[in-house]
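This report looks at charged side chains and how they pair. Please view the sequence and the model first.

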Amino acid sequence: MSQFVTDYYALLPDDPDSAYGLTGPTLQGVSSRGNYKSFWKRFDEVVLGPVSATDGSLVATAQVTFVEDDEEQVEQHQFTLVEGPDGTLLMDRDIPL
């Protein structure tokens, strides 16, 4: 769980196309691939803090720092994962708290 979130955020903001491929139906339902890529491309850097998750849970939290035009915005996020058809984890929700 924690490793998936870390690996997912390691793709951002530089490779949003690959990251979108790791998103679940809820996230894909609210954001097309093009909108998703446009959102992430505006950031110079995205830094994920330590991920906190309970064993066996598909919900985690972490601090996310977005850097845009040399300005930092720090948010606490909650991530909800789902299992994809092949059993791999997918980022289904990523919301600020």
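## Salt bridges

Asp 17, Arg 33 and Lys 37 are joined in a network of salt bridges, a salt bridge being a side-chain nitrogen of Lys or Arg within 4 Å of a carboxyl oxygen of Asp or Glu. The model is predicted: local features need pLDDT of at least 70 and side-chain atom pairs count only at pLDDT 80 or more, while totals for chains, interfaces and linings use all residues. Residues are numbered from 1 along each chain as its sequence is written, and side-chain values use heavy atoms, with hydrogens and water left out.

The structure holds 3 salt bridges.

| Pair | N to O distance |
|---|---|
| Asp 17 and Arg 33 | 2.7 Å |
| Lys 37 and Asp 17 | 4.0 Å |
| Glu 68 and Arg 42 | 3.6 Å |

Asp 17 lies in helix 2 (residues 16-20) and Arg 33 in helix 4 (residues 33-41), 16 residues apart. Lys 37, also in helix 4, is 20 residues from Asp 17. Helices (H or I, at least four residues) and strands (E, at least two) are DSSP runs, numbered from the N terminus.

Asp 17 counts as partly exposed because its relative accessibility is 35%; buried means under 20% relative accessible area, exposed over 50%, and partly exposed in between (1.4 Å probe, protein chains only). Arg 33 at 37% and Lys 37 at 33% are partly exposed. Glu 68 is partly exposed at 29%, and Arg 42 is partly exposed at 42%.
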